[in-house]
Amino acid sequence: MEMHLPRRRLPYLLPHLLPSQLALPPRSLLPLCPQTRSIPIPPMALRAIASRKTLAALGSGLRAQARLATTAAAAAASRGLVTFSLPDLPYDYGALEPAVSAEIMQLHHQKHHQSYVTNYNKALEQLEDAVARDDAPAVVKLQSAIKFNGGGHINHSIFWKNLAPIHEGGGEPPKGSLGWAIDADFGSWEAFVQKMNAEGAALQGSGWVWLGLDKEFKKLVVETTANQDPLVTKGANLVPLIGIDVWEHAYYLQYKNAKPDYLKNIWKVIDWKYASEVYEKECR
Amino acid sequence: MGSFSLHSSCLAKPTLRWSNDCFQNLNSLKLSALQRRPNFHSRKASKVLAFYGLKSPPYKLDALEPYMSKRLLETHWGEHQRGYVEGLNKELEKNDILYGYTLDELVKVTYNNGSPLPEFNNAAQVWNHDFFWESMQPGGGGMPELGLLQQIEKDFGSFTNFKEKFIEAALSLFGSGWVWLVLKRREKRLEVVKTSNAVNPIVWDDIPLISLDVWEHAYYQDYKNDRGKYVNAFMNHLVSWHVVTARIIRAEAFVNLGEPKIPVA
């Protein structure tokens, strides 16, 4: 799959020099050159750089945006504009069959999530320009695009971490403190799953159904959000643990109209490692 | 779309013009048709309450190929819209309070000025989908003519400008919703309006002329992620300008769009 280097800006020390006036080094050295535009790196090379381990090390519990662990990205972050990139899936597209088909996983990741990332970066760039020229109406107008695309990126990044193939632990209910908390707050595991599915089925239009942790009261809650709104829009103290995408694109090709069937089956591939980590971190 | 209900009570009372003796004599040859029914004596109240029905599109389900496949229409009309109709009927069965409205009136009443009742989603989606099927035709697309074209040019500058605005609205709609070409009653002009989920312009007393479903289920099977291709296919090949002309002619009875341009000899 195509990966794009994060775009880097010119260093602020040289504002008067146009990109064309700077000498371009040979292409092989381009990743280290300051004015590189997004250049696709072959996937194999990228995989070598950003292996699963580095991704896992990077992806801390709360920060939902996954960034590639390249020196280029680190350099970009320290300089001007920060750009986000599509996180890699830690499993194959076909690994979640038969609960979620490979076709859906591929489209969902490569087309939908990628477009959220691309449009989020675009919106952030436009935002920076608008702020620079003191254009308040433009800044306000961009907020909905940022909320939608940024929310889409955040939500889907959490979603991929919430899923795992059955042979890697997908579908097993949580053990430990999170498992006890679910029993305490919902009565039983079955009651919790039932509640999530009911809320998901009742949601009209597009949205997400979440298991969230209320940081303030240390209680678990089931919430829904519309469109791509992240869980924080429902409460500043809410931390997302498990999210299930109930947009039609998440299940349509396989389940068509039968959203309840999708909700019933997806529990077979829901993985609780990430959720347990976040929960333990918040409830220390 | 009318509303009708079959109450079991009208089946239970046979209309008899002769005396009570005959009524008790079951072997009489003059049994009325109702008495001859097989379940007449068991006479359990067979509650068949249907308020609204599923209306077929005005063309066969494969007529919109290749822009909208038969498979998509079968799922979209046969499963989604049927689900909305059945859901609506089930909700209305619960009590009598919403009995007797036409579908238009039901949509406006359940919208409740912004705090919609639970029946609104199903009612509005039934209405929206009926409107949507009628807005399309096989061999559609092209350009509107005469008065409608003049009105579009007056309100949007040019037909191309209107088309761009419509497509842009469809692409910038986040989530699920509908895009409409609407005749605004108060402003007396045409506008492109986008609504989310099931909302539709009749709740604001405006007159819709075209509707486009941009819920993902409307295009996912054919176009997958590519909403732009779907909207372009709709605009160029599916939208029925005949129907839109008929709608705006009817709308002109309610909204004064100015003097008609009658050529003077």
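Colleague: Are Phe156(B) and Phe162(B) buried or exposed?

Modeller: Both Phe156(B) and Phe162(B) are buried, where buried means under 20% relative accessible area, exposed over 50% and partly exposed in between, with a 1.4 Å probe and protein chains only. Please keep in mind that this is a predicted model, in which local features need pLDDT of at least 70, side-chain atom pairs count only at pLDDT 80 or more, and totals for chains, interfaces and linings use all residues. Residues are numbered from 1 along each chain as its sequence is written, and side-chain values use heavy atoms, with hydrogens and water left out.

Colleague: How many aromatic pairs does the structure hold over all chains?

Modeller: A pair of aromatic rings is described by the distance of the centres and the angle of the planes. Rings of Phe, Tyr and Trp (its six-membered ring) pair if their centres lie within 6.5 Å, and planes under 30 degrees apart count as stacked, over 60 as edge-to-face and the rest as tilted. Over all chains the structure holds 32 aromatic pairs. In one of them, Tyr116(A) and Phe148(A) are edge-to-face, at 5.6 Å centre to centre with 80° between the planes.

Colleague: What are the relative accessible areas of Tyr116(A) and Phe148(A)?

Modeller: Tyr116(A) has 5%, so this residue is buried, and Phe148(A) has 11%, so this residue is buried too.

Colleague: Which residue lies over the face of Phe131(B)?

Modeller: A charge sits over a ring if NZ of Lys or CZ of Arg is within 6 Å of the ring centre and within 35 degrees of the ring normal. Arg247(B) lies over the face of Phe131(B), 3.7 Å from the ring centre, while the charged end of Arg82(B) sits over the ring of Trp77(B), 5.6 Å from its centre.

Methods:
Chains lettered and ligands numbered in written order.
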